[in-house]
Amino acid sequence: MRKFKEFFLEKLIFICGLASILFVLLIFFFLLKEGLSVFKTVSPLKFIMGRNWYPISEPPQLGIFPLILGSFIVTIGAVVISVPVGVACAVYIAEIAPPKIKEILKAGIELLAAIPSVVLGFIGMVTLVPWVKHIFGLPTGLTALSGSIMLAFMAMPTIVSIAEDALYAIPKSYKEGALALGATHWQSIWRVLLPAASSGILAAVMLGIGRVIGETMAVMMITGNAAVIPHTLLVPVRTLTATIAAEMGEAVVGSQHYFALFAIGIVLFAISFAINVTADLFLHKDK
Amino acid sequence: MSKIITENLNLWYGNFHALKDINARFQERRITAIIGPSGCGKSTLLRVFNRMNDLIEGVRTTGKVLIDATDILANNIDLVALRRKVGMVFQRPNPFPLSIYENIVFGERIHGGKSSRSKLDEIVETSLKRVFLWEELKDKLHKSALNLSLEQKQRLCIARLIAVKSNILLMDEPCSSLDPQATSRVEELMRELKNNYTIIIVTHNMQQAARVSDDTGFMLLGELVEFGRSEDIFTAPKDKRTEDYITGRYG
């Protein structure tokens, strides 16, 4: 009887373990099955490079190039803002801050991670958006720049905490060696600690990008959602994620539009998969 | 000539009295060994000379330490200049995770500002030649320093100090992670270097101290029990505690 119980529990846990893989596979196959159907009518090249996204015109024009560029430009903007600030913050926490300030900062960053993205979205909408409109004298503040700034806030906690871990993991002897050679504190950080932690910091940046690319709610609220090819940061854009979220409810099940949204899902899946794998490679480079 | 003179040097870690009234004179261009059991304060003493103890919180020092007649414990001392002059070799070789080349020119880059390529090349070559690594490494200068053997790493760390033109070398058990052959080669290097450098080596290996050093200090529980010429210390110690230690009665 006891043996049977052991056997039963073991199998049960095994099944629970399998469940997560099973779900990933199911989602993946469903996504493929639905998404790939769109390529019966549109060639993959035309789908990705097409410049017009008019999914409900007759016949529908399903080119997601403006959406890819939209995601791309918002992400680049967010990275340009969040990486220097995030890495500097990590250096400050790991190397410079006195213990008390360190605790306060870490708690603050965890809190930042805990703010729901929709909340960040509407705060951005009522504060940042009018501000961007005013400063740049634009017809609307709902622009890629607003999205980038808001997303930078969301990427920061990821970047800071992983970069800080990477800095902590550096052997103390590197810092001692640098200081003993007469390096100043800053020189030892800049010339020894940062290069030593570079792979971990790159991983932090990649995971930050992953976070930004997959973000939906806030960008949908503050980027203006115009599916046009952006030439600057100061125009409304529409991202891949916002497109799916905004249109899935209205798309007729089984229509070209519906399949196209799933295909966008595949594109997103591929992008974040690639980012995660790259980050993983950086993280495990030394081991 | 005395290069380093300590006068009534005392040091506390919080309430722990780690160095007690140290009075010693370290001679120029000689190797001075500091021996003693673990926890006797020998590494602490070494770290006074380049003020590395400053990194630890709650350290308090009193007394005087004169290097070239300047009191390095004074508040207004230029730590960068001090550490440039007083180089340190650590127990575990700690080359930076950079290329061999960058490890050696590190000092030049932080102290010298912009230096020409040819000047840097020259520094690398002369420094590596001084530690007898040039032949082995000249073809892989731009490879990572982390892939070297432990002995090569330790030599590289010494080359790094030669490159910043230190004239005092503090060695904190520099051979404890090396095998006996590598140890004897590093000792040979030390003898060779003493023509231009004042070397202070902390070691718990008495044979090593007897082999390489000209002078020896024996420390116990934070006190400098005996200090003098190595042949006297090892053959005719004046203090009973020194005799007990070097004959292996404790330690």
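Two residues are in contact if their C-beta atoms, placed from the backbone, lie within 7 Å. This is a predicted model, in which local features need pLDDT of at least 70 and side-chain atom pairs count only at pLDDT 80 or more, while totals for chains, interfaces and linings use all residues. Residues are numbered from 1 along each chain as its sequence is written, and chains are lettered from A and ligands numbered from 1 in the order in which they are written.

**Figure 1. Overall build of chain A.** Among contacts in chain A between residues at least 6 apart in sequence, those joining residues at least 24 apart make up 72%. Chain A holds 12 helices and two strands; helices (H or I, at least four residues) and strands (E, at least two) are DSSP runs, numbered from the N terminus. From the N terminus on, the order is α-α-β-β-α-α-α-α-α-α-α-α-α-α. Along the principal axes, the C-alpha atoms of chain A fill a box of roughly 75 × 75 × 35 Å. Of the 287 residues in chain A, 42% are buried, that is, have 20 or more other C-beta atoms within 10 Å of their own, with C-beta atoms placed from the backbone.

**Figure 2. The two domains of chain A.** The domain assignment, which is automatic or taken from a database, gives domain 1 (2–40) and domain 2 (53–283) of chain A. Taken over C-alpha atoms, the centres of these domains are 30 Å apart. Six residues from domain 1 of chain A and nine residues from domain 2 of chain A form the contact. On the domain 1 side, three residues are nonpolar, two polar and one charged; Ala, Val, Leu, Ile, Met, Phe, Trp, Tyr, Cys and Pro count as nonpolar, Asp, Glu, Lys and Arg as charged, and the others, Gly among them, as polar.

**Figure 3. Packing of H7(A) against H8(A).** Helix H7 (residues 172–180) and helix H8 (residues 185–196) of chain A pack at an angle of about 150 degrees, with their axes 10 Å apart. H7(A) is therefore roughly antiparallel to H8(A), a term for angles over 145 degrees. Tyr174(A), Lys175(A), Ala178(A) and Leu179(A) of H7(A) meet residues of H8(A) including Gln187(A), Arg191(A) and Leu193(A). The contact comprises six nonpolar, two polar and two charged residues.

**Figure 4. The contact of chain B with chain A.** Chain B contributes 19 residues and chain A 15 residues. Helix H2 (79–85), strand S6 (86–89) and helix H3 (100–112) of chain B each give two or more residues to the chain B side. H3(B) gives the most, with four residues. The chain B side divides into 10 nonpolar, five polar and four charged residues.

Terms used: Buried ≥ 20, exposed ≤ 12 C-beta atoms within 10 Å, placed from the backbone. Axes fitted to C-alpha atoms, helices over the stretch in contact; angles between N-to-C directions. Parallel < 35°, antiparallel > 145°, perpendicular 65-115°, else oblique.
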